[in-house]
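Subject: The structure we talked about

Hi there,

Here is the structure I promised to pass on. Have a look at it first, and then read on for what turned up in it.

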Amino acid sequence: MDFTANFYSVNMLVIFGATVASMLFGGLWFSPVLAGIKWKKLLDEDRRNAEITSSPMTFIVSFVMQFIAAGLLAGLMGPSASGWEGMRLGYVIGFGFIMPTLVTINLFEQRSWLLVIIYTVYGILALCLMGFI
């Protein structure tokens with residue numbers, strides 16, 4: 001197998017920007033503007049009305065995780081990749097790795113299919129956005 005990742009050419013400023021964009025997209029995705037109302041309703045039902053909170057640590061860890069994803073994506077793309085190629089790679093990773101993992105976990109947890117779709121579509125679109133940037 002001939003596989004070469006180009007981490008030497010990774011631009012940390014671009015990775016930081018892609019991470020911020022992904023976090024902002026997540027805020028929009030899980031807000032009442034897009035999927036937030038249905039997500040919260042399904043999650044509330046799933047947790048039997050347990051309180052859903054977001055501490056600062058949740059956002060810090062989420063940022064670090066998105067930064068890792070953006071850095072790995074940049075390293076796999078290489079310095080000459082276009083935005084379209086980055087989106088395609090984000091889609092392939094999302095569809096090929098994120099979706100099967102989330103579907104499997106959520107099936108074992110017996111969660112609603114709509115909740116699985118909300119999580120999966122977010123994961124795929126966030127990677128596409130990071131890849132484009």
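To begin with a term used throughout this email: a contact means heavy atoms within 4.5 Å. Among contacts in the protein between residues at least 6 apart in sequence, 77% join residues at least 24 apart.

Some background on how to read the values. This is a predicted model, in which local features need pLDDT of at least 70 and side-chain atom pairs count only at pLDDT 80 or more, while totals for chains, interfaces and linings use all residues. Residues are numbered from 1 along each chain as its sequence is written, and side-chain values use heavy atoms, with hydrogens and water left out.

**The overall picture**

The protein has five helices and zero strands, and its elements run α-α-α-α-α from the N terminus on. Helices (H or I, at least four residues) and strands (E, at least two) are DSSP runs, numbered from the N terminus. Of the 133 residues in the protein, 31% are buried. Here buried stands for under 20% relative accessible area, exposed for over 50%, and partly exposed for what lies in between (1.4 Å probe, protein chains only). The protein exposes about 8600 Å², and carbon and sulfur atoms supply 70% of that area. Accessible areas come from the Shrake-Rupley method with a 1.4 Å probe; for residues, only the protein chains shown count as cover.

Phe16 sits in helix α1, and Phe63 is found in helix α3. These two residues are 47 apart in sequence and 9.5 Å apart in space, C-alpha to C-alpha. Leaving aside neighbours within four places in sequence, Phe16 is in contact with Phe63 and Phe67. Phe16 and Phe67 are 51 residues apart in sequence, with 6.7 Å between their C-alpha atoms.

The elements that give two or more residues to its lining are α1 (12-29), α3 (56-77) and α5 (113-132), and α3 gives the most, with four residues. In all, 19 residues line this pocket, of which Val14, Ala74, Met77, Gly78 and Ile133 lie nearest its centre. The lining divides into 13 nonpolar, six polar and no charged residues.

The terms behind those values are as follows. On a 1 Å grid over the protein atoms alone, a cavity is a set of points where a 1.4 Å probe fits but cannot get out, and a pocket is an open set with protein on both sides within 12 Å along at least five of seven lines; lining residues have an atom within 4 Å of a point. Ala, Val, Leu, Ile, Met, Phe, Trp, Tyr, Cys and Pro count as nonpolar, Asp, Glu, Lys and Arg as charged, and the others, Gly among them, as polar.

Met77 is in helix α3 and is partly exposed, with a relative accessible area of 21%. Apart from neighbours within four places in sequence, Met77 is in contact with Gly86, Leu89 and Gly131. Met77 and Leu89 are 12 residues apart along the chain, and their C-alpha atoms are separated by 7.5 Å.

How many salt bridges does a search of the whole structure find? There is one: Arg111 pairs with Glu109, the closest N and O atoms being 2.7 Å apart. A salt bridge is a side-chain nitrogen of Lys or Arg within 4 Å of a carboxyl oxygen of Asp or Glu. Glu109 is partly exposed, with a relative accessible area of 44%.

Gln110 is found in the loop between α4 (83-108) and α5. Gln110 has a positive phi of about 55° although it is not a glycine. Most residues other than glycine have a negative phi. Gln110 is exposed, with a relative accessible area of 69%.

Best wishes
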